Amino acid sequence: MNPFLQKLVDDLKAFSSELLLPGLHATQQVSTDMGTVASTTALLKSIDFLTALIPQLVAELQTTDATRKVMVHYTPSPKRATFSRRASDYQKSVIKRLLPAHWLSILPVAEIDTRPLRWLVYLLDLQQTALEKVHKRTIKYIDDSLLTQQGQSSYARNDRATLLNMRSRLDEAEAKLEHARATLLRTVQMKLVPSLNLPYPYPRSSAWIRLRRFAQQLIQPKEYLPSFLHNLLHGTVEIADTPYLYQRWCGIRLFEAFESLGWVCPSDPTGALFLGGEIRLYKAQVELSIWIEPRLSRRRVHPSGFICKEVTETHPDYLIVTPGPSGIDAFILDPTTTADIEIRQGKAKYLDTIEAIAMASVAGIPVVRNPLRAWSAAPLHTPHCELEDSEGRTGTIPMHPLNWAPGPLLEWVRDIHNYALAWGTGKMLGE
């Protein structure tokens, strides 16, 4: 893994490992040695592993570790049986002699030791608890993202399908855990009370030995799960492609810049950074929103208050909506991993392809309100922002993970900060 990608992975994982997941984006394969396994990936893989192992665990317990007992069975056949000692099992014959009507048969029965199964239920409970937390969190991420994927293009439809597939994967994991519990119930025909104690004696068959090694990952996942998944996933894991990891990294730095200026976010921003959505920030009774990957369409009004014009659909990475003199205004930041000047200048397209739903008024005449700025962020090694036009409506913020200096981004955000507070409070700064 190259240093640029490794730095992205480290910083994103420090914020939330969920930001490594592909989500709606392209993927790449990287080594699990680099700490690239997201917590959701780890959980779903561990559920797959354990639930797939359970039939073998039960079978081995029945054949190699069962306690042998006997069952008394009364049969009308003398084959492999002896005389019964119950008087009711005899009857008089025609010649008035007592003859056996039922015979006594002793049948061997294998009784399963429930202690290993009770420990197995405990491990299933650990996974169930972890899955419930992930399910609740991820479903909210998905629902919030669906609000921004309202376009009618094939891209919008594909994104909605991807989100629904993510939900199905969580439901699948839940079904696997329920099926595993049902398998154990059918095996012993009784309710198994979970036990956190390692069973003694411990079953010595191969599947149970594998389970014992695996159990460490469930009980202490942070310490043991990465090495386990490295072997289980054959040394590689699927994460988001580098441009999208960089986009999320820029999003974290953007969010932190607003926080450093005193803006407060009352909710977890991870979901919006991961799958798209809205981050609301507040300061001095003023609200602004960072819309992440909003899909703006000509045919449908977007919750941000902006629509697309001239083209069918557009999809900026970060649309920052603030109070303005005629309602709301917008600032756009669209990261790119390339230093190519033409690509960076191409971000200026948003100045013409996006407009507010409500009109502004100049000298009593309605006018269109376009974004005030549309800038790129790129991994440049420069100490200051670069203007691409004389008015500063478009330009580039240098944001290099390996040479990170927050100053240029903070200065760009400070302009938005001042604008939002001035129009949001109705006072010019300094009054």
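A residue counts as buried when its relative accessible area is under 20%, and Phe214, with a relative accessible area of 1%, is therefore buried. The structure shown here is a predicted model, and Phe214 sits in helix α5 of that model. The protein chain as a whole has eleven helices and 20 strands, and buried residues make up 48% of its 431 residues. Of the contacts in the protein chain with a separation of 6 or more, 66% are between residues 24 or more positions apart.

**Helices α2 and α5**

- Helix α2, which covers residues 39–64, packs with helix α5, which covers residues 206–219, at an angle of about 150°, and the axes of these helices are 9 Å apart.
- The crossing that α2 makes with α5 is left-handed.
- On the α2 side, the residues in contact are Ser46, Phe49, Leu50, Leu53, Gln56, Leu57, Glu60 and Leu61, and on the α5 side they are Ser206, Ala207, Trp208, Arg210, Leu211, Phe214 and Leu218.
- When the residues of this contact between α2 and α5 are sorted by kind, ten are nonpolar, three are polar and two are charged.

**Strand β13 and its partners**

- Strand β13 (residues 318–324) is largely enclosed by the rest of the structure, because seven of its seven residues are buried.
- Strand β9 (residues 286–292) runs antiparallel to β13, and four bridges join the two strands.
- Within that pairing, Ile290 stands opposite Ile320 in β13.
- Strand β14 (residues 327–335) also pairs with β13 in the antiparallel sense, in this case over seven bridges.
- β13 and β14 together form a hairpin, in which two residues lie between the strands.

- Strand β18 (residues 373–378) has five of its six residues buried, so β18 is largely enclosed by the rest of the structure.
- β18 pairs in turn with strand β20 (residues 395–398), in the parallel sense and over three bridges.
- The bridge partner of Ser376 in β20 is Thr396.

**Backbone details in the loops**

- The peptide bond that leads from Tyr200 to Pro201 is cis, with omega near 0°, and Pro201 is found in the loop between α4 (154–188) and α5.
- Ala284 has a positive phi of about 50° although it is not a glycine, and its place is in the loop between β8 (277–283) and β9.
- Ala284 has a relative accessible area of 52%, and because exposed means over 50%, Ala284 counts as exposed.
- Ala363 likewise has a positive phi, near 55°, in a residue other than glycine, and Ala363 lies in the loop between β16 (360–362) and β17 (365–367).
- The relative accessible area of Ala363 is 78%, so Ala363 is exposed.

**Cysteines**

- A disulfide is a covalent bond between the sulfur atoms of two cysteines.
- A pair of cysteine sulfur atoms must be within 2.5 Å to be counted as a disulfide, and by this rule the count for the model comes to zero disulfides.
- Cys250 is buried, with a relative accessible area of 0%.
- Cys265 has a relative accessible area of 15%, and because this value is under 20%, Cys265 is also buried.

Methods: Residues are numbered from 1 along each chain as its sequence is written. This is a predicted model: local features need pLDDT of at least 70, side-chain atom pairs count only at pLDDT 80 or more; totals for chains, interfaces and linings use all residues. Side-chain values use heavy atoms; hydrogens and water are left out. Buried means under 20% relative accessible area, exposed over 50%, partly exposed in between (1.4 Å probe, protein chains only). Axes are lines fitted to C-alpha atoms, for helices over the stretch in contact, and angles run from 0 to 180 degrees between N-to-C directions. A crossing is left-handed if the near helix is turned anticlockwise from the far one by less than a right angle, and right-handed if clockwise. Contact means heavy atoms within 4.5 Å. Ala, Val, Leu, Ile, Met, Phe, Trp, Tyr, Cys and Pro count as nonpolar, Asp, Glu, Lys and Arg as charged, and the others, Gly among them, as polar. Two strands pair if DSSP finds at least two bridges between them.
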